[in-house]
Amino acid sequence: MWTKILDKAPKEGTMASFEVEGKKLFATLNNGELYCADNRCPHEDIELTLGCLKNNRIVCSLHGFSFDLATGHSSDEDVDCLKTYPIKQENNEIYIQL
Ligand code: FES
């Protein structure tokens, strides 16, 4: 089931954080593609939106590990992958699938 999360897409290169069904998530528009993922670093409990976007990855502000926005793959094999979610735009509104 698709859940509406935003009235419009985030601006290119920015992140929007929100909560759905008790999950803290973020959405971003990066190089023209929408992405959605948990807003919690799999390494330690810190919001990933405190970090930055670089080369289609989100870089955690605490220790600098990064995660692929599309697949969630971690830059360090000892750190779990980031959970990502399907996201789409319909009539300007943004929806995700948990
Ligand atoms: S808490 Fe994010 S890389 Fe360590």
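Student: Which residues of the largest nonpolar core touch the most other members?
Tutor: This is a predicted model. Its largest nonpolar core has 17 residues, and those touching the most other members are Ala27, Tyr35, Cys36, Ala37, Ile58 and Ile87.

Student: Which elements give two or more residues to this core?
Tutor: Strands β3, β4 (33–38) and β10 do. The most comes from β4, which gives 3 residues.

Student: What is Ala27 in contact with, leaving aside neighbours within four places in sequence?
Tutor: Ala27 is in contact with Ile5, Leu6, Pro10, Ala16, Leu34, Tyr35, Cys36, Ile87 and Ile94.

Student: Turning to the sheet, what is the order of its 4 strands?
Tutor: The order is β2-β3-β4-β8, in an open sheet with antiparallel pairing. The edge strands, each pairing on one side only, are β2 (15–20) and β8 (84–85).

Student: And over how many bridges do β2 and β3 pair?
Tutor: There are 6 bridges between β2 and β3 (residues 23–30), and the pairing is antiparallel. Ser17 has Phe26 of β3 as its bridge partner, while Val20 has Lys23 in that strand.

Student: Which residue takes a positive phi in the hairpin of β2 and β3?
Tutor: Glu21 does, with a phi near 50°. The hairpin has 2 residues between the strands.

Student: How does β9 pair with β10, parallel or antiparallel?
Tutor: Strand β9 (residues 87–90) pairs with β10 in the antiparallel sense, over 4 bridges. Here Gln89 has Ile94 as its bridge partner.

Student: What lies between β9 and β10?
Tutor: The two strands form a hairpin with 2 residues between them. In the turn, Asn91 has a positive phi of about 50°.

Student: Which residues of β10 are on the covered face, and which on the uncovered one?
Tutor: In β10 (residues 93–97), Ile94 and Ile96 make up the covered face. The uncovered face has Glu93, Tyr95 and Gln97.

Student: Why would the side chains alternate like that?
Tutor: In a regular strand, side chains alternate between the two faces of the sheet.

Notes
Residues are numbered from 1 along each chain as its sequence is written. This is a predicted model: local features need pLDDT of at least 70, side-chain atom pairs count only at pLDDT 80 or more; totals for chains, interfaces and linings use all residues. Two strands pair if DSSP finds at least two bridges between them. A residue is buried if 20 or more other C-beta atoms lie within 10 Å of its own, exposed if 12 or fewer, and partly exposed in between; C-beta atoms are placed from the backbone. A nonpolar core is a set of buried Ala, Val, Leu, Ile, Met, Phe, Trp, Tyr and Cys residues joined through C-beta atoms within 7 Å. Two residues are in contact if their C-beta atoms, placed from the backbone, lie within 7 Å.
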